[in-house]
Amino acid sequence: QVQLVESGGGLVQPGGSLRLSCAASEPIFRIYAMGWYRQAPGKERELVARGTSGSTSYADSVDDRFSVSRDNASHTVYLQMNSLKPEDTAVYYCNADLVSGSDHYVGLWGQGTQVTVSS
């Protein structure tokens, strides 16, 4: 059973940066799609960024500030967050559609990592 594990969250001042990681617990044969979502207190989970092997799209609220990258060798996807704002405070989750071994996982979620932007 493949698991996604997020890390890298924490407390940062407005204008600061964080890089979140989403690592798979098993070798990945293929990633069909990978996304980052976030959920702030009292709000619904929202899409931050989502991409396939060809391209990544971003929510308007984070475009030009956030970027997604991937390290295939370590089966890890990153979310680089720059110029952070208090409204970016949320629990951040990664989500993936992927193949590991002979198993195809659709809508696999990590446990989330807390990001707090505050002075």
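1. Tryptophan 109 is partly exposed, at a relative accessible area of 36%. Tyrosine 93 is buried, at 13%. The classes are set with a 1.4 Å probe on protein chains only: buried is under 20% relative accessible area, exposed is over 50%, and partly exposed is in between. This is a predicted model, where local features need pLDDT of at least 70, side-chain atom pairs count only at pLDDT 80 or more, and totals for chains, interfaces and linings use all residues. Residues are numbered from 1 along each chain as its sequence is written, and side-chain values use heavy atoms, with hydrogens and water left out.

2. The rings of tyrosine 93 and tryptophan 109 have centres 6.3 Å apart and planes at 90°, so the pair is edge-to-face. Tyrosine 93 sits in strand S9 and tryptophan 109 in strand S10 (residues 103–109), 16 residues apart. Ring pairs join Tyr37, Tyr93 and Trp109 into a cluster. The count is two aromatic pairs. Rings of Phe, Tyr and Trp (its six-membered ring) pair if their centres lie within 6.5 Å; planes under 30 degrees apart are stacked, over 60 edge-to-face, the rest tilted.

3. There is one disulfide (cysteine sulfur atoms within 2.5 Å). Cysteine 22 and cysteine 94 form it, with sulfur atoms 2.0 Å apart. Cysteine 22 lies in strand S3 and cysteine 94 in strand S9, so the bond ties together parts 72 residues apart in sequence. The S-S torsion is about 65°, so the disulfide is right-handed. Both cysteine 22 and cysteine 94 are buried.

4. Four strands form an open sheet, ordered S1-S3-S8-S7, with antiparallel pairing. Strand S1 (4–7) and strand S7 (66–71) are the edges, each pairing on one side only. Strands are DSSP runs (E, at least two residues), numbered from the N terminus. Two strands pair if DSSP finds at least two bridges between them.

5. Within that sheet, strand S3 (residues 18–24) and strand S8 (residues 76–81) pair over six bridges, in the antiparallel sense. Arginine 19 has glutamine 80 of S8 as its bridge partner.

6. Threonine 89 lies in the loop between S8 and strand S9 (90–100). A polar atom of the threonine 89 side chain lies 2.9 Å from the backbone oxygen of proline 86. The threonine 89 side chain also reaches the backbone nitrogen of valine 117, at 2.9 Å. Leaving out residues up to four places away in sequence, threonine 89 touches Ala40, Gln114, Val115, Thr116 and Val117. Contact here means heavy atoms within 4.5 Å.

Notes:
A polar contact is a pair of N or O atoms within 3.5 Å; within protein, one must be able to donate a hydrogen and the other to accept it, and residues adjacent in sequence count only if both atoms are side-chain atoms.
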